Amino acid sequence: MARILKHWVTATRWMPDLHTPDQDRAFLAEQVDSAELVVADHGRIAGFVVRHGTDITMLYVAETARRLGVGSALLNRMRRDHPRLSLWTFQPNAEARAFYAARGGAGGRAHGEPRQRRTRAGCPAGLELT
């Protein structure tokens with residue numbers, strides 16, 4: 001999971017790469033502590049989603065597994081038990097915003113909500129999934 005996260009950070013031009021692999025692993029451990037974690041595994045981890053209550057705090061898919069339905073499957077798994085979810089993504093992350101909008105996401109205001117600290121850097125955009 002840490003490799004998927006690190007690859008996304010380094011491949012995303014607007015995302016500052018501020019953390020070591022050990023820090024990424026510690027961050028992930030903190031995120032999954034007392035959370036629901038679902039991992040898509042196709043011989044190796046293809047993606048993962050983390051939910052705290054009705055908040056999706058992380059959804060990442062390995063580059064080699066993108067556009068194969070992994071992200072949709074992870075999101076659908078979370079929505080099965082919680083049909084109305086909230087999530088945060090970075091404002092400049094147009095690809096993620098389009099992904100969530102295509103799946104019922106509405107919203108998108110940027111502000112200094114405390115959740116911003118959980119996203120590590122950048123400016124989040126809040127979305128409601130109904």
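Colleague: In β4, which residue is the bridge partner of D55?

Modeller: In this predicted model, D55 has S86 as its bridge partner in β4. That bridge belongs to a parallel pairing: β3 and strand β4, residues 85-90, are joined by two bridges.

Colleague: How does the chain get from β3 to β4?

Modeller: The path goes through helix α3, residues 70-81. This β-α-β crossover is right-handed.

Colleague: What about the pairing of β3 with strand β2? Is it parallel or antiparallel?

Modeller: Antiparallel, over six bridges, with β2 spanning residues 45-52. Take V50 as a case: its bridge partner in β3 is M58. The hairpin of β2 and β3 has two residues between the strands. There, G53 takes a positive phi near 60 degrees.

Colleague: Is strand β3 covered or open to solvent?

Modeller: Start with the general idea. Side chains in a regular strand alternate between the two faces of the sheet. Now the case here: β3 covers residues 55-61, and seven of its seven residues are buried. The strand is mostly covered.

Colleague: Let me turn to the rings. How many aromatic pairs does the structure hold?

Modeller: Six. One of them joins W8 and W14. Their centres are 5.8 Å apart, with 80 degrees between the planes. That makes the pair edge-to-face, because the angle is over 60 degrees.

Colleague: Are W8 and W14 buried or partly exposed?

Modeller: The cut-off for buried is under 20% relative accessible area. W8 has 12%, so W8 is buried. W14 has 34% relative accessibility, so W14 counts as partly exposed.

Colleague: Which aromatic cluster do W8 and W14 belong to?

Modeller: One cluster is formed by W8, W14, F48, Y60 and F90.

Colleague: Back to helix α3. What does the side chain of R79 reach?

Modeller: R79 is found in helix α3. Its relative accessible area is 18%, so R79 is buried. The side chain of R79 reaches the backbone oxygen of R103 at 2.8 Å.

Colleague: Where is confidence lowest, and where is it highest?

Modeller: For the protein chain, the mean pLDDT is 79, and 81% of residues reach 70 or more. Helix α1, residues 2-11, has the highest confidence, at 91. Strand β6, residues 124-129, has the lowest, at a mean of 46.

Colleague: Over which residues does pLDDT stay under 50?

Modeller: Residues 109-130. The model still has 81 contacts beyond four places in sequence for them.

Definitions and conventions
Residues numbered from 1 in each chain as written. Heavy atoms only, no water. Buried < 20%, exposed > 50% of the residue type's maximum accessible area, 1.4 Å probe, protein only. Helix = DSSP H or I, 4+ residues; strand = E, 2+ residues; numbered from the N terminus. Pairing = 2+ DSSP bridges. Right-handed = clockwise from strand over helix to strand, strands pointing away. Phe/Tyr/Trp six-rings, centres within 6.5 Å; stacked < 30°, edge-to-face > 60°. Polar contact = N/O pair within 3.5 Å; in protein donor to acceptor, adjacent residues only side chain to side chain. pLDDT = per-residue confidence, 0-100. Contact = heavy atoms within 4.5 Å.
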